[in-house]
Amino acid sequence: MHVRQRLTPGLCLVLALIGWATIPIPAQTQQSTAVSALFEAVRFREIGPTAQGGRYVDFAVVESDPRTFYAATATGGLWKTENHGISFTPVFDNQPDFAIGAVALAQSRPDTVYVGTGEANNSRSTYDGNGVYKSTDGGKTWTHVGLPNAGRIGRIVVHPKNPDIVYVAASGKLYSENPDRGVYKSTDGGKTWKKTLDHKVDGREIGAIDIAMDPSNPNVLYAATYDKVRRQWTFGEGGPGSGLWKSTDGGNTWRQLTNGLPTGLLGRIGISIARSNPKIVYAVIENANARDPKVSPEERRKRMAEGFGDGSIGDELYRSDDAGATWRKVAPPPEDPAAAGGRGGGRGGWTGGNPPYWYGQIRVDPNDPDHVYLLSVGMTHTTDGGKTWSSPWGFGGDHHALWINPRDSKHIINGHDHGM
């Protein structure tokens, strides 16, 4: 019988030294060669969480102590660090769900953490979840607190002073219709939930993909509905049910915002409020209407349902300076989408969140209302309210999550497909 012995690194080193000892080389040269060989054998590698976690989708940071934050991954669970990311601990591995769409914590009680399962991006590899989970001990233990049929959760927002008041944007199942779509509110920490934004079009329930809370008044909220059902043969960019909504009574009632916004077939919408001036609100909107004006919305919708496209208008950035009462477009789509390629080109460097269904994330610098980041294949930003665009950095790819420290705009956490 032939036995193969695996050589350990230590044994390899011993054999190598024995071999060197038999060669008549001057002592000084021999020592130098051995040291060089040892250093050449040392290879540093990143230990994560990078490939282990897949793409990053959301962050929840303790604002009073930014050294502590949670990083949510699409299909790699939830990670926690308490030392600025020097080391991470997986804190969601023992739960029955591995796909995550959102994470949020209560700033008034940072050990209270909410996780929304089901990735809210709309790729072929997107998996549904099982609702919302809650931890009151900083991620050590978890309790399932409802909404098991929410499908995919795009955002969770927690009241800044009351950790029991929580809002959830449920976009629903990706490949089928389901009635559990919309915006939900809980006032008892997830024990019970009430759907407060229940939008229907042609008898279909329309899901919600994003929520933003006014930092100066928690009773003022903005939400985005998303008319999206993907089929095996089509992306289904959007429909007439997508839109922007506002509540001034803590999410109990909502009214749709339309003044200055596009109509017809819309897709994914991302929202961001300027913390330094909450009357300034940005929305990146996937305009799914046909770029060719000869194609009617009816024909466009029919062809999208059949799996054909005529070229949509694409992402557009809108800004409101009066808390959503009126809107104006501040960044158009690229003039030549093929030249943009999702990374650059187009008018003023604007790239759009290409493809829009995969991103739809926009962030405003908390200390500068004209400084806006658009997350896409590459990262672009504007420092003049959308007039010109450029790349703030060149690393990463497929950016999905971004947090900016409200006390220091130079302190940023960026999450993308390759890590953070």
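1. The largest pocket of this predicted model is lined by 36 residues, and those nearest its centre are Glu-63, Val-157, Met-213, Arg-275 and Trp-403. The space inside the largest pocket comes to about 1100 Å³. Its lining divides into 25 nonpolar residues, three polar ones and eight charged ones. Several strands contribute to it: β1, β5 (100-106), β9, β15, β19, β23 (361-364) and β26 (399-405) each supply at least two residues of the lining.

2. The model also holds one cavity of 30 Å³ or more. The largest cavity has a volume of about 70 Å³. Its lining is made up of Val-57, Gly-101, Glu-119, Ala-120, Asn-121, Gly-154, Arg-268, Gln-361 and His-400. By kind, the residues of this lining are two nonpolar, five polar and two charged.

3. Which strands pair with β10? Strand β9 (residues 153-158) pairs with β10 in the antiparallel sense over five bridges. Strand β11 (residues 182-186) is likewise antiparallel to β10, and five bridges join the two. Individual partners can be located in the structure: Tyr-167 in β10 is the bridge partner of Val-157, while Val-166 stands opposite Ser-186 in β11. Val-157 has already been named in point 1, among the residues nearest the centre of the largest pocket.

4. Are the residues of strand β10 buried or exposed? Five of the five residues in β10 (residues 166-170) are buried, and the strand is described as mostly covered. In a regular strand the side chains alternate between the two faces of the sheet. In β10, Val-166, Val-168 and Ala-170 lie on one side, Tyr-167 and Ala-169 lie on the other, and both faces are covered.

5. A separate point concerns an open sheet of four strands, with the order β1-β2-β3-β4 and antiparallel pairing. Strands β1 (56-61) and β4 (89-90) stand at the edges with a single partner strand each, so one side of each is left without a neighbour in the sheet. Within the sheet, strand β2 (residues 69-73) and strand β3 (residues 78-81) pair over four bridges in the antiparallel sense. There, Ala-71 stands opposite Trp-79 in β3.

6. The largest nonpolar core has 24 residues, and Tyr-222, Leu-244, Leu-261, Ile-271, Ile-285 and Trp-327 are those with the most contacts inside it. Strands β15 (207-213), β16 (221-226), β19 (266-273) and β20 (281-290) each supply at least two residues of this core. Which strand gives the most to this core? That strand is β19, with four residues.

7. Gly-151 lies in the loop between β8 (143-144) and β9. Gly-151 has a relative accessible area of 2% and is therefore buried, the cut-off being under 20%. Residues up to four places away in sequence aside, Gly-151 touches Thr-117, Gly-118, Asp-128, Gly-129, Gly-172 and Lys-173. Gly-151 and Ala-170 are 19 residues apart in sequence, and their C-alpha atoms are 7.0 Å apart in space. Ala-170 belongs to the buried residues of β10 discussed in point 4.

8. Glu-237 is found in the loop between β16 and β17 (243-247). Its relative accessible area is 19%, so Glu-237 counts as buried. Apart from neighbours within four places in sequence, Glu-237 is in contact with Tyr-226, Lys-228, Leu-266, Gly-267, Glu-286, Ala-288, Arg-300 and Met-304.

9. Two residues deserve a check of their backbone angles. Most residues other than glycine have a negative phi. Leu-147, however, has a positive phi near 60°, and Asp-202 has a positive phi of about 55° although it is not a glycine. Leu-147 is located in the loop between β8 and β9, and Asp-202 in the loop between β13 (200-201) and β14 (204-205). Leu-147 counts as buried at 12% relative accessibility, whereas Asp-202 counts as exposed at 63%.

Technical notes. Residues numbered from 1 in each chain as written. Predicted model: local features only at pLDDT ≥ 70, side-chain atom pairs only at ≥ 80, totals over all residues. Heavy atoms only, no water. Buried < 20%, exposed > 50% of the residue type's maximum accessible area, 1.4 Å probe, protein only. Pairing = 2+ DSSP bridges. Core = buried A, V, L, I, M, F, W, Y, C linked by side-chain atoms within 4.5 Å. 1 Å grid on protein atoms, 1.4 Å probe; cavity = no way out; pocket = protein on both sides within 12 Å on 5 of 7 lines; lining within 4 Å. Points joined across faces, edges and corners; volume = space filled by probe spheres on them. Nonpolar A, V, L, I, M, F, W, Y, C, P; charged D, E, K, R; others polar. Contact = heavy atoms within 4.5 Å.
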